[in-house]
Amino acid sequence: MSNTWEAGATPWLRRHQTNAGYGTEPNPIQCLFCGGQNVKRSSTDHDEDPGRIELYCDNGSCDAREMVLLVKRDGAHSGLRADVRALRLVDEGKLDVHAAYPPEMRSYSLSEMAKLSEGVVERRTRKPSPSEE
Ligand SMILES: [Zn+2]
(Lines give C-alpha, C1' and ligand atoms only; values in the text may rest on other atoms or scores of the structure.)
Protein backbone atom coordinates (compact mmCIF):
# COMPACT_ATOMS: atom_id res chain seq x y z
CA MET A 1 0.00 0.00 0.00
CA SER A 2 1.18 3.49 -0.81
CA ASN A 3 1.97 5.83 2.06
CA THR A 4 0.29 8.84 0.45
CA TRP A 5 -3.02 10.48 1.20
CA GLU A 6 -4.64 13.60 -0.15
CA ALA A 7 -7.72 15.42 1.06
CA GLY A 8 -10.88 13.64 0.01
CA ALA A 9 -9.20 10.27 -0.60
CA THR A 10 -10.20 7.14 1.28
CA PRO A 11 -8.14 6.90 4.48
CA TRP A 12 -5.73 3.96 4.72
CA LEU A 13 -7.57 2.47 7.70
CA ARG A 14 -10.75 2.03 5.65
CA ARG A 15 -8.79 0.04 3.08
CA HIS A 16 -7.04 -1.94 5.84
CA GLN A 17 -10.29 -2.62 7.74
CA THR A 18 -12.97 -2.84 5.09
CA ASN A 19 -15.85 -3.48 7.49
CA ALA A 20 -16.84 -1.20 10.34
CA GLY A 21 -18.97 -2.55 13.09
CA TYR A 22 -19.35 -5.17 15.72
CA GLY A 23 -17.43 -8.41 16.15
CA THR A 24 -13.81 -9.37 15.80
CA GLU A 25 -11.64 -7.30 13.47
CA PRO A 26 -9.11 -9.47 11.56
CA ASN A 27 -6.74 -6.50 11.02
CA PRO A 28 -6.71 -4.49 14.25
CA ILE A 29 -4.32 -1.58 14.66
CA GLN A 30 -2.48 -0.26 17.71
CA CYS A 31 -4.43 1.80 20.24
CA LEU A 32 -3.00 5.29 20.69
CA PHE A 33 -3.85 5.19 24.40
CA CYS A 34 -3.14 1.69 25.76
CA GLY A 35 -0.78 0.50 23.04
CA GLY A 36 -2.71 -2.74 22.55
CA GLN A 37 -3.27 -4.16 19.10
CA ASN A 38 -7.04 -3.88 19.57
CA VAL A 39 -8.39 -0.92 17.60
CA LYS A 40 -11.01 -1.31 14.93
CA ARG A 41 -13.32 1.03 13.09
CA SER A 42 -16.35 1.84 15.21
CA SER A 43 -19.82 0.83 14.13
CA THR A 44 -20.53 4.58 13.90
CA ASP A 45 -17.73 5.20 11.37
CA HIS A 46 -19.07 6.53 8.06
CA ASP A 47 -17.34 5.49 4.82
CA GLU A 48 -18.56 8.67 3.11
CA ASP A 49 -16.51 10.98 5.34
CA PRO A 50 -12.78 10.87 4.42
CA GLY A 51 -11.76 13.45 7.05
CA ARG A 52 -12.98 11.70 10.16
CA ILE A 53 -12.65 8.13 11.43
CA GLU A 54 -14.43 6.77 14.46
CA LEU A 55 -12.53 4.06 16.32
CA TYR A 56 -13.15 1.55 19.07
CA CYS A 57 -10.56 -0.07 21.34
CA ASP A 58 -11.56 -3.67 22.08
CA ASN A 59 -9.07 -4.07 24.96
CA GLY A 60 -11.09 -4.69 28.13
CA SER A 61 -8.29 -3.06 30.16
CA CYS A 62 -8.40 0.20 28.19
CA ASP A 63 -10.79 2.98 29.14
CA ALA A 64 -10.42 4.77 25.81
CA ARG A 65 -13.17 2.81 24.11
CA GLU A 66 -14.67 5.28 21.66
CA MET A 67 -12.32 7.61 19.77
CA VAL A 68 -12.54 10.05 16.89
CA LEU A 69 -9.67 10.80 14.54
CA LEU A 70 -10.42 14.11 12.84
CA VAL A 71 -8.36 15.89 10.19
CA LYS A 72 -8.18 19.51 11.34
CA ARG A 73 -5.95 20.75 8.53
CA ASP A 74 -5.49 19.08 5.18
CA GLY A 75 -4.51 21.82 2.78
CA ALA A 76 -8.03 21.74 1.35
CA HIS A 77 -11.24 22.64 3.21
CA SER A 78 -11.15 20.65 6.43
CA GLY A 79 -11.11 23.90 8.42
CA LEU A 80 -14.60 24.66 7.13
CA ARG A 81 -16.10 21.40 8.41
CA ALA A 82 -18.77 21.89 11.08
CA ASP A 83 -17.01 19.54 13.53
CA VAL A 84 -13.61 21.22 13.08
CA ARG A 85 -15.14 24.68 13.48
CA ALA A 86 -17.07 23.63 16.59
CA LEU A 87 -13.94 22.10 18.14
CA ARG A 88 -12.00 25.30 17.42
CA LEU A 89 -14.72 27.39 19.12
CA VAL A 90 -14.61 25.12 22.19
CA ASP A 91 -10.79 25.24 22.29
CA GLU A 92 -10.82 29.04 22.03
CA GLY A 93 -13.42 29.33 24.81
CA LYS A 94 -15.98 30.91 22.48
CA LEU A 95 -18.50 28.07 22.74
CA ASP A 96 -19.69 26.77 26.10
CA VAL A 97 -21.21 23.44 25.11
CA HIS A 98 -22.73 22.89 28.57
CA ALA A 99 -24.54 26.21 28.38
CA ALA A 100 -25.69 25.60 24.80
CA TYR A 101 -26.62 21.98 25.39
CA PRO A 102 -27.20 21.22 29.08
CA PRO A 103 -26.26 17.65 30.01
CA GLU A 104 -29.17 15.27 29.59
CA MET A 105 -29.33 11.61 30.53
CA ARG A 106 -31.34 9.62 28.04
CA SER A 107 -31.20 6.16 26.56
CA TYR A 108 -32.10 5.33 22.99
CA SER A 109 -33.45 2.25 21.29
CA LEU A 110 -31.56 0.79 18.33
CA SER A 111 -34.11 2.15 15.86
CA GLU A 112 -33.90 5.63 17.48
CA MET A 113 -30.08 5.56 17.15
CA ALA A 114 -30.34 4.54 13.48
CA LYS A 115 -32.78 7.39 12.90
CA LEU A 116 -30.47 9.84 14.72
CA SER A 117 -27.48 8.86 12.56
CA GLU A 118 -29.29 9.78 9.35
CA GLY A 119 -27.63 12.80 7.82
CA VAL A 120 -24.64 12.72 10.20
CA VAL A 121 -22.07 12.91 7.40
CA GLU A 122 -23.93 15.77 5.75
CA ARG A 123 -24.13 17.69 9.05
CA ARG A 124 -20.49 17.33 10.01
CA THR A 125 -19.10 18.03 6.54
CA ARG A 126 -21.52 20.75 5.48
CA LYS A 127 -19.71 23.90 4.41
CA PRO A 128 -20.97 27.12 5.98
CA SER A 129 -22.98 29.43 3.82
CA PRO A 130 -21.34 32.84 3.24
CA SER A 131 -23.65 34.43 5.85
CA GLU A 132 -22.40 32.03 8.56
CA GLU A 133 -18.69 32.75 8.11
ZN1 LIG B 1 -6.84 1.01 24.02
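Predicted model: local features only at pLDDT ≥ 70, side-chain atom pairs only at ≥ 80, totals over all residues.
Start with Cys 31: once its neighbours within four places in sequence are set aside, Cys 31 is in contact with Gly 36, Asn 38, Val 39, Cys 57, Asn 59, Cys 62 and Ala 64. Here, being in contact means that the C-beta atoms of two residues, placed from the backbone, lie within 7 Å. Residue numbers count from 1 along each chain as its sequence is written.

Now for the overall picture. The protein chain has 5 helices and 3 strands; these are DSSP runs numbered from the N terminus, with helices (H or I) needing at least four residues and strands (E) at least two. Reading from the N terminus, the elements come in the order α-β-β-β-α-α-α-α. Along the principal axes, the C-alpha atoms fill a box of roughly 45 × 40 × 30 Å. Of the 133 residues in the protein chain, 12% count as buried. That label goes to a residue with 20 or more other C-beta atoms within 10 Å of its own, whereas 12 or fewer makes a residue exposed and anything in between makes it partly exposed, with C-beta atoms placed from the backbone. Among contacts between residues at least 6 apart in sequence, 41% join residues at least 24 apart.

Cys 31 turns up again in the largest nonpolar core, which has 6 residues: Cys 31, Val 39, Ile 53, Leu 55, Tyr 56 and Cys 57. The largest share of this core, 4 residues, is supplied by strand E2 (residues 52-57). A nonpolar core, in this sense, is a set of buried Ala, Val, Leu, Ile, Met, Phe, Trp, Tyr and Cys residues joined through C-beta atoms within 7 Å. In soluble globular proteins, nonpolar side chains tend to be buried together.

What order do the strands of the open sheet take? The sheet has 3 strands in the order E1-E2-E3, with antiparallel pairing.

Zooming in on the pairing, strand E1 (residues 39-41) runs antiparallel to E2 and pairs with it over 3 bridges; for two strands to pair, DSSP has to find at least two bridges between them. Val 39 has Cys 57 of E2 as its bridge partner, and Arg 41 stands opposite Leu 55 in E2. On to strand E3 (residues 66-70), which is joined to E2 by 5 bridges, again antiparallel. There, Leu 55 has Met 67 of E3 as its bridge partner.

Leu 69 also belongs to strand E3. Is Leu 69 buried, exposed or partly exposed? With 14 other C-beta atoms within 10 Å, Leu 69 is partly exposed. Leaving aside neighbours within four places in sequence, Leu 69 is in contact with Arg 52, Ile 53 and Leu 55. Leu 69 and Thr 125 are 56 residues apart in sequence, and their C-alpha atoms are 14 Å apart in space.

Val 84 lies in helix H2 and is buried, with 21 other C-beta atoms within 10 Å. Not counting residues up to four places away in sequence, Val 84 touches Leu 70, Lys 72, Ser 78 and Gly 79. The C-alpha atoms of Val 84 and Arg 73, 11 residues apart in sequence, are 8.9 Å apart.

Val 90 is also found in helix H2 (residues 82-91), but Val 90 is exposed, with 12 other C-beta atoms within 10 Å. Apart from neighbours within four places in sequence, Val 90 is in contact with Leu 95 and Val 97. Val 97, in turn, sits in helix H3 (residues 97-100) and counts as exposed, with 11 C-beta neighbours inside 10 Å.

As for helix H4 (residues 110-117), the number buried among its 8 residues is 0, so H4 lies largely in the open. Just after H4, Gly 119 takes a positive phi of about 80°.
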